[in-house]
Amino acid sequence: MDRQRVFTGSPWEPVVGYCRAIRVGNRIEVAGTTAMKDGEVIGVGNAYEQTKHILATIEKALHELGASMTHVVRTRMFVTDISKWEEIGRAHGEWFKDVQPVATMVEVKALIDPRLLVEIEVEAIAE
């Protein structure tokens, strides 16, 4: 099967050897996405703003692969402070209140940059 890939220009994509999102057939996987833009952290100290930025980045990647947020069937949220779950959950709910994919949120020790509070990956099935 053909693979369609989306790259976002993250400095880690070529070093680590990955793409932001990939579509194989009707299946789309979006890599763990953080609130980075042009090498800078967006929404420092604000889990809600970081989550919104992440979901906008994911939505753009899905669109580039011919899908939308309505095609998302799973989200995984990795957070550095689980006490911020309501802020993160509120932003997630704004994007997915009608879609209601299965979702996981777990606390992790750290992300690649200490200013990052959230990382999200998604799985989607396009039509």
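Of the 29 residues in the largest nonpolar core, the ones touching the most other members are Ile28, Ile58, Leu62, Val118 and Ile120. A nonpolar core here is a set of buried Ala, Val, Leu, Ile, Met, Phe, Trp, Tyr and Cys residues joined through side-chain atoms within 4.5 Å, with buried meaning under 20% relative accessible area (1.4 Å probe, protein chains only). Strand S3 (27-33), helix H2 (47-64), strand S6 (72-79), helix H3 (85-96) and strand S8 (118-125) each give two or more residues to this core, and H2 gives the most, with six. Helices (H or I, at least four residues) and strands (E, at least two) are DSSP runs, numbered from the N terminus.

This is a predicted model: local features need pLDDT of at least 70, side-chain atom pairs count only at pLDDT 80 or more, and totals for chains, interfaces and linings use all residues. Residues are numbered from 1 along each chain as its sequence is written, and side-chain values use heavy atoms, with hydrogens and water left out.

Back to Leu62: setting aside residues up to four places away in sequence, Leu62 touches Ile28, Val30, Ala67, Ser68, Met69, Val72 and Ala124 (contact means heavy atoms within 4.5 Å). Leaving out neighbours within four places in sequence, Ser68 is in contact with Leu62 and His63.

H2 turns up again at the largest pocket, where H2 supplies the largest share of the lining, five residues.

Technical notes:
Buried means under 20% relative accessible area, exposed over 50%, partly exposed in between (1.4 Å probe, protein chains only).
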